[in-house]
Amino acid sequence: MTTTTIGFIGLGNMGGPMAANLVKNGFTVKVFDLVPDLVAGVAGAQGCASADEAATGVDVLISMLPAGRHVKGLYLGGEDTRGLLEVLNAGTLIIDCSTIDPASAQSVAAAAAAKNVLMVDAPVSGGTAGAINGTLTFIVGGETTAMYMARPVLEAMGANIFHAGGAGAGQIAKICNNMLLAILMTGTAEALALGVENGLDPAVLSDIMKVSSGGNWALNVYNPYPGVMADVPADRGYTGGFLVDLMRKDLGLAMETAAASASSVPMGALANNLYQVHRQTHDAGALDFSSIQWLYRPELKRD
Ligand code: NAD
């Protein structure tokens with residue numbers, strides 16, 4: 001049994017099961033979400049009526065919120081609300097697991113440092129299944145000391161932990177990975193459509209490309225063409241995977257990050273636009289991101 005007390009704020013699809021895994025691993029956990037039912041849903045945790053209450057007297061505070069504005073609002077406060085940096089004791093460690101823009105992560109980390117509060121950004125990869133099973137990958141940005149303190153807590157929720165660099169580096173690495181994933185998925189869907197439209201069986205073409213130089217993660221383990229691979233979203237009407245709307249959010253962060261560093265990202269920009277068109281054309285926001293196959297083969301939607 002560990003004596004570390006953890007506050008956990010944001011108990012949605014990811015945060016709820018992550019908090020539950022901390023309880024299972026023997027941590028004392030205080031939880032809060034704006035939705036009261038979610039607070040009551042974490043068995044074995046101490047439910048709190050406010051973020052202030054969940055943050056009071058804790059050693060570590062974890063947040064798992066939708067976007068940068070929520071994270072800044074929580075820690076820095078607004079015109080009428082005080083931020084949690086006013087509540088936390090000096091020496092407390094903040095672990096923000098939300099996927100947000102690197103600039104927001106860096107500004108909150110700097111404000112925390114000014115109050116002698118440590119902070120790491122630790123966005124995750126692995127989806128809701130990884131959150132439930134405790135097998136998430138954490139991509140951490142922050143000081144080495146803070147990373148060292150965060151590790152035992154992250155190990156209770158994940159299987160892989162990487163230190164990407166200083167504050168904001170976790171967010172940048174996550175954004176780069178997901179931009180590449182979107183490019184690989186759209187390219188894979190495009191190649192499969194070209195083959196099918198020229199008489200090939202998509203399963204035969206996939207087998208060939210998997211062991212040839214076109215092999216990639218999207219093709220090898222997450223084939224977007226229906227009927228080719230079992231137990232992937234394409235095999236169940238593009239349900240139960242990584243949503244188009246979440247991919248659009250991450251591509252939006254990639255575009256913002258590229259603009260801030262004046263980087264050229266033509267492939268990422270094209271993937272971003274393809275996902276926007278796909279969402280509009282097929283009302284696909286709540287479908288898995290491999291449904292981009294429909295953009296190339298609209299007849300698959302009607303089948
Ligand atoms: P979600 O919308 O299910 O959960 C977010 C929760 O935060 C909600 O319950 C909401 O009520 C709560 N919240 C918002 N503002 C709050 C505040 N000020 N105080 C307390 N609670 C507040 O989102 P999710 O799917 O759990 O994703 C969380 C983060 O993880 C996002 O940044 C997302 O991009 C990232 N992520 C999600 C997945 C996934 O597959 N769902 C995978 C990797 C990363």
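Me: How many salt bridges are counted between domain 1 and domain 2?

Reply: The count between domain 1 and domain 2 is zero. A salt bridge here is a side-chain nitrogen of Lys or Arg within 4 Å of a carboxyl oxygen of Asp or Glu. Please note that this is a predicted model, in which local features need pLDDT of at least 70 and side-chain atom pairs count only at pLDDT 80 or more, while totals for chains, interfaces and linings use all residues. Residues are numbered from 1 along each chain as its sequence is written, and side-chain values use heavy atoms, with hydrogens and water left out.

Me: What area do the two domains bury between them?

Reply: They bury about 720 Å², of which 67% is on carbon and sulfur atoms. Buried area is the accessible area (1.4 Å probe) that two parts lose on being put together, summed over both.

Me: How many residue pairs are in polar contact between the domains?

Reply: Three residue pairs are in polar contact, both residues of a pair being at pLDDT 80 or more. A polar contact is a pair of N or O atoms within 3.5 Å; within protein, one must be able to donate a hydrogen and the other to accept it, and residues adjacent in sequence count only if both atoms are side-chain atoms.

Me: Back to salt bridges. How many does the whole count come to?

Reply: The count comes to seven salt bridges. One of them joins Arg297 and Glu197, whose closest N and O atoms are 3.3 Å apart. Arg297 lies in the loop between helix 13 and helix 14 and Glu197 in helix 8 (residues 169-197), so this pair ties together parts that are 100 residues apart in sequence. Helices (H or I, at least four residues) are DSSP runs, numbered from the N terminus.

Me: Which is Arg297, buried or exposed?

Reply: Arg297 counts as buried because its relative accessibility is 13%, whereas Glu197 is partly exposed at 49%. Buried means under 20% relative accessible area, exposed over 50%, and partly exposed in between (1.4 Å probe, protein chains only).

Me: What else does Arg297 touch?

Reply: Leaving aside residues up to four places away in sequence, Arg297 touches Ala193, Val196, Glu197 and Tyr225. Arg297 is also linked with Glu197 and Glu299 in a network of salt bridges.

Me: What about Arg151: which residue does it form a salt bridge with?

Reply: Arg151 pairs with Glu155, their closest N and O atoms being 4.0 Å apart. Both residues lie in helix 7 (residues 144-155), four residues apart, about one turn of the helix. Arg151 is partly exposed at 33% relative accessibility, and Glu155 is partly exposed at 47%.

Me: And Asp245: what is its partner?

Reply: Asp245 forms a salt bridge with Arg279, with 2.5 Å between the closest N and O atoms. This pair links distant parts of the chain, as Asp245 is in helix 11 (residues 244-260) and Arg279 is in helix 12 (residues 266-282), 34 residues apart. Asp245 has a relative accessible area of 27% and is partly exposed; Arg279, at 32%, is partly exposed.

Me: New topic: where is Phe242 found?

Reply: Phe242 is in the loop between helix 10 (217-221) and helix 11. Phe242 counts as partly exposed because its relative accessibility is 21%. Residues that Phe242 touches include Asn178, Tyr222, Met247 and Leu287, not counting residues up to four places away in sequence. The C-alpha atoms of Phe242 and Thr128 are separated by 8.8 Å, although these residues are 114 residues apart along the chain.

Me: Last one: how many residues of helix 1 are buried?

Reply: Seven of the 10 residues of helix 1 (residues 15-24) are buried, among them Met18, Ala19 and Leu22. Just after helix 1, Gly26 takes a positive phi of about 90°.

Terms used: Contact means heavy atoms within 4.5 Å. Helices (H or I, at least four residues) and strands (E, at least two) are DSSP runs, numbered from the N terminus.
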